[in-house]
Amino acid sequence: MSAYTLKVRRYQPESEEDDKRGAYWEKFDVELDPTLSVLDGLLQAKNDADGTLAVRCSCRAAICGSCGVKINGQSTLACKTQLGEAAEEAARKARTGDGDAEITVEPMGNMPVIKDLVTDMESTHWKKFRRVTPWLLPAGPPPEREYIVPAESMVDVTQSVACIQCGACVSSCLSMEADPEFVGPAALAKAYRFVGDPRDGQTTERLFDLANDPHGMYDCTHCFSCIDACPKDVAPMNQIMRLRRLAGDDHGIRDVNNGHSHEMAFVKNIRKKGTLDESLLFQESYAPGVKGKLLPRVSAIRGLLDSIPTAIRGIRTGKMRSIPKLIPGVHHKLPGDAQDHVKHIYERAEESKIQLNLYIIGEGGEEDASAEATEPESVEEESATA
Amino acid sequence: MKLAYWPGCVSRGFTPELHGSTALAADALGIELVTLDRANCTGAGVIAEHNQELADTLNARTFALAQETGLSMMNICSTCQGAQSECQERLDADASYRAHINETLSGEGLAYSKDADGFTNKNFLWVLVEDYGLDKLAEKVKRPLEGLRVGPFYGCYVLRPKTRLGYDEHPDRDLYLEQVIEVLGGTVVDYDGARRCCGFPVITMNKETSLRQAGTHVGDAIDAGADCLVTPCPLCHLNLDMQQPEAAKVVGRDLGLAVLHLPQLVGLALGFDPKQLGMPKHIASTIAVEDRVAALA
């Protein structure tokens, strides 16, 4: 048995005591084995110290997804975090050099708090979840018996199927902090679960919808928070990147958010120059190719005009005071024959497009895992023809 | 100490002061840098979004160029670190995949070796703490930055995901900026934004979301009493510094906080003049920081 202090963020809007109606911190001392969970600690505090302490939980085994909270600032499941580890992490972050640090427990972020550690999942998580039509929309009438799909065609959706809807990723999402309307990691990972399903008949429509929503797949800032938060290794951000790849590259969707044009501007830029021609990247992200320049979209003109003050400031301080930085396309290539070798890499990789799936083969999978076995082209062909 | 050096694109583009200040700081610290001038862009995660094999091969090429020198590799950009670590994770996971990639590289006489003797690729921040050593850094400090209140800003790509970025072996990588600030004599400012996202990756896709992030973090640091921020990532610098006046409009408040590149902060403590370190090139004025440092000398 060890002693721990849980510093809990509380909120009791119905309390009769004036000082408890706003959010406040309260400390609870608990005594438990270090291998028991923070949830066990919270339940001991509730039993022994204050029965009004509200926390949502059910299975206590990281399956039901009920007990999402923030522990030491990290969104996770209370039942999946051991007290001993949490105390060590608290001490490490506090940089006090001792092991006596308090374990902080807060309700999940990006959601309204109902009471103490219980958040309103309905108004955020579930609302966003429904936004992506999270069920199968098959093409044509159902088969007489079950749908038959090749096993390998389901490999890439396995990871998103593992989601238990706990909301930890939503809680941790840094884009959503800035844009509460962002569809978000959980819902977009679920969208990929159906986009990648060969039985679904609305693949292009789903992708078109989420690519063109200003709060859709291109509103993710690629911060990896959801990857670290997810207790089931769903890596929602990776599923969002899969959506982007499918939308722009495989389904040819030219979104209004400049998402695909930015990606392609970057890809072409390195093929041509080896290192980034920033002004070209910027200009091509808004107005790609000859067509983009002859018939620019209103949003492209606005984007480019909006950037003029920034450019002028850059010229004034000397940051951008050079011809290659001011005139797109003047940027130098790599020295000697290096650029030719970069082009050769493009030719070969754009031909084979291998995608290793580390969720399936494992990071230390090594030697016997075959790259070809996880090559997803077959999957994508299936989904395109399904 | 001698390292193969990948400067990245932005450090020679829109943040030229980063490349310059790195050269000065490294030289003063006695770190010899062998620039990989044939190496290519890491793809910043964007090329991997388009085609993983393409990104993996491009970065395998850079690793192979570094391995040819027999040295470990250093970068000065969180985003380079994250993009390269992502590719390295896949390259290291599967021998047949690696063989396929190396076949592509063979025309240039290059090959990436997973088990090359002690080969590592580290951001300048990681090099400073893990390989150079904070004790040795402390010895080199000529002008302790006493009274300078510095807010750390890491950049997502050196923080997450932890499993990929070597946190098993080096669990304190998310505290190194604090450690360096203290060794240089400065005071660490705690504020909400230190480990959040600057918003840069969506600047052309959703400018409002992007600048709201940058503006919020700069504002929080000001409210916490910071004299400046310090970052190991030039892309964060673009959003926090270059876009700061635009970010101020989005969050509806005055900002005006200097954002230093990590080698600039190190350089100040090593005794370099702010001008030598390129600080006047910044958009958010660095004059308050310069005055403070001048008062120390």
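**Notes on the model**

This is a predicted model, in which local features need pLDDT of at least 70, side-chain atom pairs count only at pLDDT 80 or more, and totals for chains, interfaces and linings use all residues. Residues are numbered from 1 along each chain as its sequence is written, chains are lettered from A and ligands numbered from 1 in the order in which they are written, and side-chain values use heavy atoms, with hydrogens and water left out.

1. Chain A as a whole. Chain A has 19 helices and 7 strands; helices (H or I, at least four residues) and strands (E, at least two) are DSSP runs, numbered from the N terminus. Its C-alpha atoms fill a box of roughly 70 × 70 × 45 Å along the principal axes. Of the 386 residues of chain A, 52% are buried (under 20% relative accessible area, with exposed over 50% and partly exposed in between; 1.4 Å probe, protein chains only). Among contacts (heavy atoms within 4.5 Å) in chain A with a separation of 6 or more, 65% come from residues 24 or more positions apart.

2. Helices H11(A) and H17(A). Two packed helices are described by the angle between their axes and the distance between the axes. Here H11(A) (residues 259-273) and H17(A) (residues 338-352) pack at about 140 degrees, with axes 7 Å apart. H11(A) is therefore oblique to H17(A). Axes are lines fitted to C-alpha atoms, for helices over the stretch in contact, and angles run from 0 to 180 degrees between N-to-C directions; under 35 degrees is roughly parallel, over 145 roughly antiparallel, 65 to 115 roughly perpendicular, and the rest oblique.

3. Residues between these helices. On the H11(A) side are Val267(A), Ile270(A), Arg271(A), Lys272(A) and Lys273(A), which meet Gln339(A), Val342(A), Lys343(A), Tyr346(A), Glu347(A) and Glu350(A) of H17(A). By class, the contact of H11(A) with H17(A) has 4 nonpolar, 1 polar and 6 charged residues. Ala, Val, Leu, Ile, Met, Phe, Trp, Tyr, Cys and Pro count as nonpolar, Asp, Glu, Lys and Arg as charged, and the others, Gly among them, as polar.

4. His331(A). This residue sits in the loop between H16(A) (323-326) and H17(A). Why does His331(A) count as buried? Its relative accessibility is 14%. The side chains of His331(A) and Thr275(A) are joined by a polar contact of 3.0 Å (a pair of N or O atoms within 3.5 Å; within protein, one must be able to donate a hydrogen and the other to accept it, and residues adjacent in sequence count only if both atoms are side-chain atoms). Leaving aside neighbours within four places in sequence, the contacts of His331(A) include Lys273(A) and Pro324(A).

5. The sheet of chain B. An open sheet of 4 strands has the order E2-E1-E3-E4 in chain B, with parallel pairing; two strands pair if DSSP finds at least two bridges between them. E2(B) (32-35) and E4(B) (121-123) are at the edges with a single partner strand each, so one side of each has no neighbour in the sheet. E1(B) (residues 2-6) pairs with E2(B) over 4 bridges, and Ala4(B) stands opposite Val34(B) in E2(B).

6. Helix H6(B). In H6(B) (residues 124-132), 7 of the 9 residues are buried, among them Trp126(B) and Tyr132(B). Asn123(B) caps the N-terminal end of H6(B), with a side-chain oxygen 2.8 Å from the backbone nitrogen of Leu125(B). Gly133(B), with a positive phi near 100 degrees, follows H6(B).
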